[in-house]
Amino acid sequence: MKISGFTIIRNAIINDYPIVEAITSILPVVDEMLVSVGHSDDDTLGLIRSIASDKIRIVESEWDMSLREGGKVLAVETDKALKQISPDADWAFYIQGDEAVHEKYHQAIIDSCTRHLTDERVEGLVFDYVHFYGTYDYIGDSRKWYRREIRIIRNEKSPKGLPISAYRDAQGFRRGNQKLNVMHSGAAVYHYGWVKSPAQMKTKMKNVSRFWNEGEAWEKILESDDVFNYEEFDSLKRFEETHPTVMQERIARQNWKVDLDTSKKRFKLKDALLYWYEKGTGKRLFEFRNYRLL
């Protein structure tokens with residue numbers, strides 16, 4: 001069995017993406033790691049080249065920033081990267097530049113890939129998500145945060161009809177508009193996209209919003225405040241577990257402090273009822289799922 005990892009990245013230094021941590025967090029699981037580096041305004045290419053691993057294969061790409069509708073450029077670049085993994089790979093493991101996988105899940109992921117290798121009904125594997133917010137101490141626990149998403153897909157040698165490809169802004173994958181049949185990986189992805197200093201968070205938001213906006217909408221975002229207000233949350237809770245080992249050095253460098261009151265809940269009545277129902281039963285009513293669990 002062969003597992004190929006792949007990711008895309010651009011302007012990692014300017015936007016302070018933990019891309020090195022993302023890549024190294026799955027290196028023990030994959031047999032190769034394809035990194036597609038978009039032409040950047042910083043030394044993202046040098047940053048990726050600094051990762052000491054013979055599993056990494058780098059390709060360069062020119063992003064078409066005119067593909068803004070729905071963040072299409074991210075899906076296009078993800079598909080370009082997917083097409084460049086080794087053709088003999090059985091599975092393709094996708095990770096984004098602000099995600100990481102805890103080492104405690106490595107064996108579960110390998111076991112899941114092995115278990116479903118010959119069952120062609122299984123088109124992918126879905127992961128739970130832990131969304132960090134503000135600092136490494138808080139996680140979002142409301143319905144606004146997606147609970148699961150596909151991160152491993154079968155690398156089909158002869159696709160049945162349309163090939164598997166990135167969906168919308170590459171949050172997940174589909175076959176055309178058809179949802180994939182998946183099994184659970186037994187693992188989780190830690191999402192750090194909302195962990196930055198208030199100033200760096202706003203800088204990143206202004207930079208990446210151009211993937212979805214143009215014209216007056218883009219100008220309005222640029223003219224907004226330069227500091228992000230982390231108090232604008234609906235529900236958070238404290239994170240009581242451990243972070244991936246690859247994140248420890250970055251966490252130690254944290255030079256900002258955000259104190260958030262997790263007892264505060266800011267919901268409309270309908271959302272409050274759905275939230276407390278989920279907390280009491282473990283079931284999320286009316287949940288959008290970008291996949292079909294077998």
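A surface patch, as the term is used here, consists of residues with over 30% relative accessible area and no salt bridge, in which like charges are joined within 9 Å and nonpolar side chains (Val, Leu, Ile, Met, Phe, Trp, Tyr) within 5 Å. The structure is a predicted model, in which local features need pLDDT of at least 70 and side-chain atom pairs count only at pLDDT 80 or more, while totals for chains, interfaces and linings use all residues. Residues are numbered from 1 along each chain as its sequence is written, and side-chain values use heavy atoms, with hydrogens and water left out.

**A nonpolar patch**

Tyr277, Leu285 and Phe286 make up a nonpolar patch on the surface, and together they have about 330 Å² of accessible area. Such areas come from the Shrake-Rupley method with a 1.4 Å probe, and for residues only the protein chains shown count as cover. Leu285 lies in the loop between α8 (269-281) and β14 (292-293). Helices (H or I, at least four residues) and strands (E, at least two) are DSSP runs, numbered from the N terminus. With a relative accessible area of 31%, Leu285 is partly exposed; this class lies between buried (under 20%) and exposed (over 50%), for a 1.4 Å probe and protein chains only.

**Salt bridges**

A salt bridge is a side-chain nitrogen of Lys or Arg within 4 Å of a carboxyl oxygen of Asp or Glu. The structure contains 18 salt bridges. The table presents some of them.

| Pair | N to O distance |
|---|---|
| Arg148 and Asp128 | 2.9 Å |
| Arg266 and Glu231 | 3.8 Å |
| Arg253 and Glu249 | 3.7 Å |

Arg148 and Asp128 form a salt bridge. This pair links distant parts of the chain, 20 residues apart: Arg148 belongs to strand β8 (residues 148-154) and Asp128 to strand β6 (residues 124-133). Arg148 is partly exposed at 21% relative accessible area, and Asp128 is partly exposed at 29%.

The salt bridge between Arg266 and Glu231 also links distant parts of the chain, 35 residues apart. Arg266 is found in the loop between α7 (248-252) and α8, and Glu231 in the loop between α6 (215-222) and β13 (236-238). Arg266 has a relative accessible area of 35% and is partly exposed; Glu231, at 33%, is partly exposed.

In the pair of Arg253 and Glu249, Arg253 is partly exposed with a relative accessible area of 47%, whereas Glu249 counts as exposed at 59%.
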